[in-house]
Amino acid sequence: MRLELDHVTVEAAGTRLVEDIHVNVGKGQFVGLVGPNGSGKSTLLRCAYRALRPAAGTVRLDGDDLHTMKPRAAARVLAALPQETNAEFDFTVAEVVAMGRLPHRERTAAGDREICDRAMARTGVDHLAERGFLALSGGEKQRVLLARALAQEPQVLVLDEPTNHLDIAHQLDVLSLVRDSGPTVLAALHDLNLAAAHCDVLYVIAAGRIVASGPPHDVLEPELLAEVFGVRAHPVRHPETGAVQLLFDLLPPARKPLPTAP
Ligand SMILES: Nc1ncnc2c1ncn2[C@@H]1O[C@H](COP(=O)(O)OP(=O)(O)OP(=O)(O)O)[C@@H](O)[C@H]1O
């Protein structure tokens, strides 16, 4: 299923948070959204998983307007891993993951249990099934919420910082798992090397506008990284795979020009 954000603009409190954004995620593609803090990544993703309605523009799934679809119909095909989840009730892990099956209840009630068990096993949280969600660590919670999203068996997955709270092994594992599970993916990522390794296409957002897009190694070039993130990037090659990785130094903050003598 194809996900398209077409000329999306979002406003809040009289301010434009993102403006005239076009993002195209082809069927089965893994597309990354990268940009500095506050650049508009979560705002844009919230539009892509229906939590926020754009002031202008359209979000489409295979050409259908996501925001006019019935909520249950949308939840059957699209799942999200938001940046923050305000869980107030202490459900068990198994109950949280089973919530991913709610949109499908009428259709596949018989197989729900196996689907949830498989999602928990794939994200490595099966041993936590009877634990209360609220008492889990940050990384455990993140993997449970990913299990819930996978249990939804979505055709489109929207992920806001899926590697948040995860140790390095789980970061690598979760992105491979998402990739191998096959849905169309739009993910906000902070780690540019992880983004380059896992994404087919990257969009770079700065101050609410897309400033570059394309294959990761075309997009993540030193001049753009200096301008957008204020860092100097040094490409190095992995000694075994030959894959290019970036090392970063902070650039000094831009100085105001010294006042000239009158
Ligand atoms: N409801 C709102 N009202 C006013 N400003 C908002 C609102 N929601 C977000 N913003 C502002 O919009 C900008 C973009 O926020 P957003 O959360 O999309 O950034 P982000 O790129 O996801 O940042 P981060 O990398 O820190 O998670 C920020 O300056 C934020 O303060």
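**View 1. Helix α1 lies across β1 (3–12), β2 and β4, running at about 120° to β1.** The model is a predicted one, in which local features need pLDDT of at least 70, side-chain atom pairs count only at pLDDT 80 or more, and totals for chains, interfaces and linings use all residues. Residues are numbered from 1 along each chain as its sequence is written. Helices (H or I, at least four residues) and strands (E, at least two) are DSSP runs, numbered from the N terminus. Contact between two residues requires their C-beta atoms, placed from the backbone, to lie within 7 Å. Axes are lines fitted to C-alpha atoms, for helices over the stretch in contact, and angles run from 0 to 180 degrees between N-to-C directions.

**View 2. Four strands form an open sheet in the order β2-β1-β4-β5, with antiparallel pairing.** The edge strands are β2 (15–25) and β5, each of which pairs on one side only. Two strands pair if DSSP finds at least two bridges between them. Strand β4 (residues 56–61) runs antiparallel to β5 and is joined to it by two bridges. Arg60 stands opposite Asp65 in β5.

**View 3. Met69 occupies the loop between β5 (64–65) and α2 (71–77).** Met69 counts as partly exposed because it has 17 C-beta neighbours inside 10 Å; a residue is buried with 20 or more other C-beta atoms within 10 Å of its own, exposed with 12 or fewer, and partly exposed in between, the C-beta atoms being placed from the backbone. Leaving aside neighbours within four places in sequence, Met69 is in contact with Asp64 and Ala74. The C-alpha atoms of Met69 and Glu140 are separated by 32 Å, the two residues being 71 apart along the chain.

**View 4. An open sheet of six strands has the order β6-β7-β8-β3-β9-β10, with mixed pairing.** Strands β6 (78–81) and β10 (209–214) stand at the edges with a single partner strand each, so one side of each is left without a neighbour in the sheet. On average, neighbouring strands of this sheet are turned by 15° against each other, direction ignored. Strands β7 (residues 156–160) and β8 (residues 184–188) run parallel and are joined by five bridges. Leu159 has Ala187 in β8 as its bridge partner. Helix α1 (residues 41–48) packs on the sheet, touching β3 (30–34), β7, β8 and β9 (201–206), and its direction makes about 150° with that of β8.

**View 5. Strands β11 and β12 form a hairpin with six residues between them.** Gly242 in the turn has a positive phi of about 80°. Seven bridges join β11 to strand β12 (residues 244–250), and the two run antiparallel. Val231 has Leu250 in β12 as its bridge partner. Of the seven residues of strand β11 (residues 231–237), the number buried is zero, so the strand lies largely in the open.
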